[in-house]
Amino acid sequence: MAVLELCRMGNPILRKVAQKVDVAEIQTPAFQKLIEDMKESMEHYGGVGIAAPQIGISKQLCLIEFDGDSSRYELEQEQPLSVFINPEIEVLDESTQGFWEGCLSVPGLRGYVERPSKIKVSYIDEKAQPQTLIAEDFMAIVLQHELDHLFGKLYIDRIKDPQKLSFSEEFDEFIMPTLSEENY
Ligand code: ZN
């Protein structure tokens with residue numbers, strides 16, 4: 001396994017629509033190693049999700065994994081490692097929830113983003129099986145954030161109020177103490 005180098009904001013690969021994965025490719029050793037390397041990289045950098053364009057591969061593949069002990073977020077939800085390939089999203093509840101998001105490709109910043117609160121995602125998993133998942137709460141936020149990476153978007157594109165963008169240290173010092181538990 002290997003920790004892969006991250007692409008940061010400004011790298012044009014983060015702004016491209018990623019290519020769909022050929023399902024026949026999923027069970028190949030090379031693709032399975034890519035998944036393993038992305039998992040190791042996500043854990044190494046302390047993320048709750050990682051998308052292939054973030055490590056320089058323009059393919060529709062992302063991973064999500066988090067537990068209640070995340071160093072970055074206070075969480076009650078848990079999500080075991082999940083691999084999403086060629087995902088398609090459907091909004092089930094247009095009402096939004098807001099969260100101060102961060103991103104491995106935009107290091108050192110947190111920004112307030114509102115997103116639909118309930119979604120359904122159809123995708124292929126790491127065993128090349130079709131799956132659907134209904135996500136709410138924090139998982140809905142993380143999934144929409146990671147899926148955005150596959151379509152050339154970053155969370156900063158979705159910040160409505162530019163005053164709600166902060167360096168992480170200032171966020172911890174000035175903003176987090178003012179928030180209710182659900183919003184950080
Ligand atoms: Zn991100």
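Colleague: Why is the contact between Asp37 and Lys33 called a salt bridge?

Modeller: A salt bridge is a side-chain nitrogen of Lys or Arg within 4 Å of a carboxyl oxygen of Asp or Glu. The closest N and O atoms of Asp37 and Lys33 are 2.7 Å apart. That is within the limit, so the pair counts. Bear in mind that this is a predicted model: local features need pLDDT of at least 70, side-chain atom pairs count only at pLDDT 80 or more, and totals for chains, interfaces and linings use all residues. Residues are numbered from 1 along each chain as its sequence is written, and side-chain values use heavy atoms, with hydrogens and water left out.

Colleague: Where do Asp37 and Lys33 lie?

Modeller: Both are in helix H1, residues 29–45. They are four residues apart, about one turn of the helix. Helices are DSSP runs (H or I, at least four residues), as are strands (E, at least two), and both are numbered from the N terminus.

Colleague: What makes Asp37 buried or exposed?

Modeller: Buried means under 20% relative accessible area, exposed over 50%, and partly exposed in between (1.4 Å probe, protein chains only). Asp37 has 7%, so it is buried.

Colleague: How far is Lys33 from Ala2, in sequence and in space?

Modeller: Lys33 and Ala2 are 31 residues apart in sequence. C-alpha to C-alpha, they are 9.1 Å apart in space.

Colleague: How many salt bridges does a search of the whole structure find?

Modeller: The search finds nine. One of them joins Arg115 and Glu101, with the closest N and O atoms 2.7 Å apart. That pair links distant parts of the chain. Arg115 is in strand S4 (residues 109–124) and Glu101 in strand S3 (residues 79–101), 14 residues apart.

Colleague: How do you know whether Arg115 is buried or exposed?

Modeller: Its relative accessibility is 3%, so Arg115 counts as buried. Glu101 has 2% and is therefore buried as well.

Colleague: What makes the contact of Arg115 with Asp148 a salt bridge?

Modeller: The closest N and O atoms of Arg115 and Asp148 are 3.1 Å apart. Arg115 and Asp148 are both buried.

Colleague: Which residues are linked in a network of salt bridges?

Modeller: Glu101, Arg115, Asp148 and Arg158 are linked in this way.

Colleague: On to the zinc ion. What are its protein donors?

Modeller: They are Cys103 (SG), His145 (NE2) and His149 (NE2). Donors are N, O and S atoms within 2.8 Å of the metal (3.2 Å for Na, K and Ca). These three lie 2.0 to 2.2 Å from the zinc ion, so they qualify. Water is not among the atoms, so sites may look incomplete.

Colleague: What spacing do the donors of the zinc ion follow along the chain?

Modeller: The spacing is C-x41-H-x3-H. His145 and His149 both lie in helix H2, residues 137–150, four residues apart, about one turn of the helix. Both histidines are buried.

Colleague: Why is Pro130 called exposed?

Modeller: Its relative accessible area is 62%, which is over 50%, so Pro130 is exposed. Pro130 lies in strand S5, residues 130–136. Pro130 and Pro87 are 43 residues apart in sequence and 9.8 Å apart in space, C-alpha to C-alpha.
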